[in-house]
Amino acid sequence: MDNTKEATPDISAFLASSIHDMKNSLGLLINFLETSLPELGLDTQKKAAPMLYEVKRVNDNLLQMLAIFKVGNQFYPFDLSENFIDDFVREIVEQNKTMLDYSGIALDVEFDEGLAWYFDRELIIGVVSHALNNATRYTKDRLMLSVKEEDGELVVRVEDNGSGYPISVLDAGSAVSKGVNFASGSTGLGLYFSSMVAKLHNNRGKTGSIALENGGKLGGSCFILHLP
Amino acid sequence: MYMNPDTASLFTGKSFLIVDDFQGMRTMLREMLRKFGSRNVDAVANGKEAIAFLEKNKYDVVLCDYNLGSGKNGQHVLEEAKYRDLIGLATAWIIITAEKTADLVFGAAEYMPDDYIIKPVNESTMRSRLEKVLARKEMLADIEKAVRDKDNDLTVALCDRALASSKSNATELLRIKTGTLLTMGRYDRAQQEFEQILAKRDIPWAKTGLGKATFYKGDLAKAQQLFREVISGNPAYLEAHDWLAKSHEAAGELDEAQHALTRCTELSPNSVIRQKNLGQLAHKRGDLETAENAYRKTIKLSEYSIHKSPDSYLGLAKICSENDNPGEALQILKDVHKEFDNAETSLHAKVVEGLVYQKSGDRINAEKISREVASLVKADDSQSATGVMLEAAQLFLATGNKEAAENIAQSLVKNNHENAELLAQVNDLYGQAGMQDRGEELVNNSRQEVIAINDKGVILAKEGKLDEAIRLLGDAHSLLPGNKRIMINLANMAVMSMRQNGRRGDLIQIADNCLKQVAKLDPQEKWCTQLRVALEAVPQ
């Protein structure tokens with residue numbers, strides 16, 4: 001019998017240890033870029049700054065794939081806990097500050113003072129950072145993050161003043177919230193992840209959701225997350 | 001927009017310990033802390049070094065990587081530091097991890113870190129998390145102290161006060177408060193609290209808590225339903241799986257219990273306790289293959305853990321013996337003597353050794369050990385665990401040492417005369433030895449003897465002869481120090497007497513001692529709580 005294939009190794013065994021390694025490396029890379037950029041000459045700075053965006057993309061993708069893998073296998077420790085919104089917004093802003101500063105992009109922030117909401121912090125920060133990272137690529141020079149309570153739901157908006165989502169992305173956005181995922185590559189992964197995270201958040205019969213629109217306050221693309 | 005508050009003053013005077021196996025990470029973390037204004041930073045590369053540094057120095061903050069290569073992991077180090085009191089209540093322990101695991105997020109409260117940070121670590125997250133943790137530690141300091149002192153009333157009072165004064169940390173305060181109510185046996189009040197929280201929002205810990213209160217109040221089916229609801233919304237919620245297993249076991253549904261426990265060990269593959277529970281349950285069910293596997297894993301996992309215990313060694317030795325492998329069984333028992341140096345464990349290992357020889361047909365050695373155990377048991381004033389005593393009785397019966405068997409069986413029955421499961425086990429032992437009639441006679445006589453003393457005491461008390469009743473039950477208590485019913489009655493009579501005749505130091509001591517011992521034997525005994533309240537209400 002020569003058609004016996006070598007058994008496929010159990011990838012999950014390697015996954016845990018290599019993710020540990022990769023995250024260490026990413027941490028060092030991000031930290032190196034953030035602390036070294038100010039020391040560079042202006043020219044080099046301009047060339048190096050986008051690398052920060054690229055490293056964050058790798059990190060986003062890694063986080064998304066790991067979460068999807070774990071949720072699918074019912075292993076994700078979904079940590080529904082109360083988060084103060086001002087504190088949550090501050091963490092997101094600080095994480096993205098260096099990248100936005102070097103790209104010359106302004107970030108406006110609006111949120112309800114003193115509001116607290118129940119969600120899984122790691123996952124929601126993952127979704128919002130990813131939306132900000134995307135918007136950074138498509139905006140002209142201004143982004144807005146708003147986090148407010150509307151009709152008993154938490155509504156998070158990430159808007160920009162670029163030329164808006166192409167039709168194909170808008171279509172993919174409305175499809176994924178109906179449970180179909182036909183966007184491919186990084187757009188597909190990001191949309192699937194965001195929609196999965198939204199749906200994990202349930203409260204008393206209501207389920208979270210995402211939506212993509214054009215327009216909004218800044219006239220560009222607009223990512224909206226609803227959490228019950 | 002956001003001002004970075006001047007936090008240097010918060011960090012300047014604090015001491016830090018960094019534990020990470022990766023030189024690059026140690027340097028990066030040290031550099032971050034230096035930027036925050038900390039001057040006092042130590043860094044080590046593994047768990048062993050961490051413990052050595054914690055033994056010598058006091059730290060305000062420990063930043064510990066979860067994955068430390070071979071040897072102890074970050075959770076092991078944390079557990080050992082807490083268990084050995086190497087860190088005080090004020091020390092903030094932060095675990096840094098590449099991935100969020102069920103153990104880290106839903107682990108046992110007493111061994112949880114104060115916070116966890118998921119990699120990649122960046123400066124802004126590290127700074128804001130540290131600020132938050134230090135502020136929270138300060139706010140919860142008196143509550144953490146009350147929890148560690150096991151002062152339940154004070155814990156609840158402090159939580160109430162903090163909840164009334166500020167909105168911050170509300171969830172944590174409610175969790176501590178409701179958890180304490182459950183420990184105190186105040187199930188109705190705990191239930192009310194959980195229902196209030198759940199009326200506003202579906203929260204897994206609150207629903208699990210409601211399930212626990214329901215479990216303690218005896219409605220196992222309803223409790224199981226609640227745990228299942230939590231799991232269906234949150235499949236990795238460890239505690240709900242633990243309790244689902246527990247409530248199935250309590251209902252005698254061992255197959256379902258094993259199923260739930262298996263899921264626990266999948267979600268929490270490094271937990272020594274869950275693996276051990278699985279081994280013991282499977283052993284009880286007669287699923288020797290699963291039990292053997294689980295025991296072997298427990299032994300391997302517990303190498304670096306404070307949760308290392310002889311139970312899984314002894315369990316594995318019994319299974320090897322049952323599988324006709326006495327050689328390995330005896331080797332494991334030798335390991336027990338090497339690994340655990342205490343009298344009770346040595347006695348238990350000896351009993352099992354005797355049973356292994358007996359099973360393998362080596363009568364000479366079995367009888368020799370049986371005689372040794374008999375003299376050890378005789379000299380043993382302290383009450384060894386019932387499990388050991390039952391197995392000793394089994395060994396005595398199997399080796400024809402009838403007198404020793406009778407003594408131990410009588411003591412077991414008299415100290416536990418209301419424990420139906422144990423009485424049945426004693427009966428079974430005699431049945432297996434072909435002495436069913438003798439067994440029934442012994443169990444009945446011993447049981448009746450205790451009931452008679454108790455009844456006599458109760459009648460005396462009813463007639464108002466409280467002093468006489470207390471004397472009678474006090475004597476019975478010295479003879480049968482493990483009997484719960486006698487202790488409860490004795491405490492009750494002491495309280496009654498003081499209600500009539502005023503407070504008396506000796507009666508307070510009797511009641512207090514009894515209640516403490518009952519609470520130790522059976523933390524869920526409802527009489528304990530009520531009598532404790534009555535005792536404290538006795539006027540000065």
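User: Which residues of H15(B) are buried?
Analyst: This is a predicted model, where local features need pLDDT of at least 70 and side-chain atom pairs count only at pLDDT 80 or more, while totals for chains, interfaces and linings use all residues. Residues are numbered from 1 along each chain as its sequence is written, with chains lettered from A and ligands numbered from 1 in the order in which they are written. Helices (H or I, at least four residues) and strands (E, at least two) are DSSP runs numbered from the N terminus, and a residue is buried if 20 or more other C-beta atoms lie within 10 Å of its own, exposed if 12 or fewer, and partly exposed in between, with C-beta atoms placed from the backbone. In H15(B), the buried ones are B:Val272, B:Arg274, B:Gln275, B:Lys276, B:Asn277, B:Leu278, B:Gly279, B:Leu281, B:Ala282 and B:His283.

User: What do those buried residues of H15(B) pack against?
Analyst: H15(B) is mostly covered, with 10 of its 14 residues buried. Contact here goes by C-beta atoms, placed from the backbone, lying within 7 Å. The partners in chain B are helix H13 (238–250), helix H14 (254–267), helix H16 (288–301) and helix H17 (311–322).

User: Just after H15(B), which residue takes a positive phi?
Analyst: H15(B) runs over residues 272–285 and reaches 20 Å from its first C-alpha to its last, close to the 20 Å expected. That expectation is 1.5 Å times one less than the number of residues. Just past the helix, a positive phi of about 85 degrees shows up at B:Gly286.

User: Over to the two chains: which element gives the most to the side of chain B that touches chain A?
Analyst: In total, 33 residues of chain B are in contact with 33 residues of chain A. Helix H2 (23–36), helix H5 (102–106) and helix H6 (123–139) of chain B each give two or more residues to that side. The side splits into 17 nonpolar, 10 polar and 6 charged residues, where Ala, Val, Leu, Ile, Met, Phe, Trp, Tyr, Cys and Pro count as nonpolar, Asp, Glu, Lys and Arg as charged, and the others, Gly among them, as polar. With 4 residues, the top contributor is H6(B).

User: Are H22(B) and H23(B) roughly parallel or roughly antiparallel?
Analyst: Axes are lines fitted to C-alpha atoms, for helices over the stretch in contact, and angles run from 0 to 180 degrees between N-to-C directions. The axes of H22 (402–415) and H23 (420–432) of chain B come within 9 Å and cross at roughly 160 degrees. Under 35 degrees counts as roughly parallel, over 145 as roughly antiparallel, 65 to 115 as roughly perpendicular and the rest as oblique, so H22(B) and H23(B) are roughly antiparallel.

User: Which residues make the contact of H22(B) with H23(B)?
Analyst: H22(B) passes H23(B) in a left-handed crossing, meaning the near helix is turned anticlockwise from the far one by less than a right angle (clockwise would be right-handed). By class, the contact has 6 nonpolar, no polar and no charged residues. They are B:Ala409, B:Leu412 and B:Val413 of H22(B), and B:Leu422, B:Leu423 and B:Val426 of H23(B).

User: Is the crossing of H3(B) and H4(B) left-handed or right-handed?
Analyst: The axes of H3 (47–56) and H4 (74–83) of chain B come within 10 Å and cross at roughly 25 degrees. The two helices are therefore roughly parallel. Their crossing is right-handed.

User: What covers the buried residues of H24(B)?
Analyst: H24(B) has 27 residues and reaches 39 Å, close to the 39 Å expected. Its buried residues include B:Gly439, B:Val443 and B:Ser446. Their cover in chain B includes H22, H23, helix H25 (466–479) and H26.

User: Does A:Leu42 count as buried or exposed?
Analyst: A:Leu42 sits in helix H2 (42–72) of chain A. Because A:Leu42 has 6 C-beta neighbours inside 10 Å, the label is exposed.

Note on methods:
Two residues are in contact if their C-beta atoms, placed from the backbone, lie within 7 Å.
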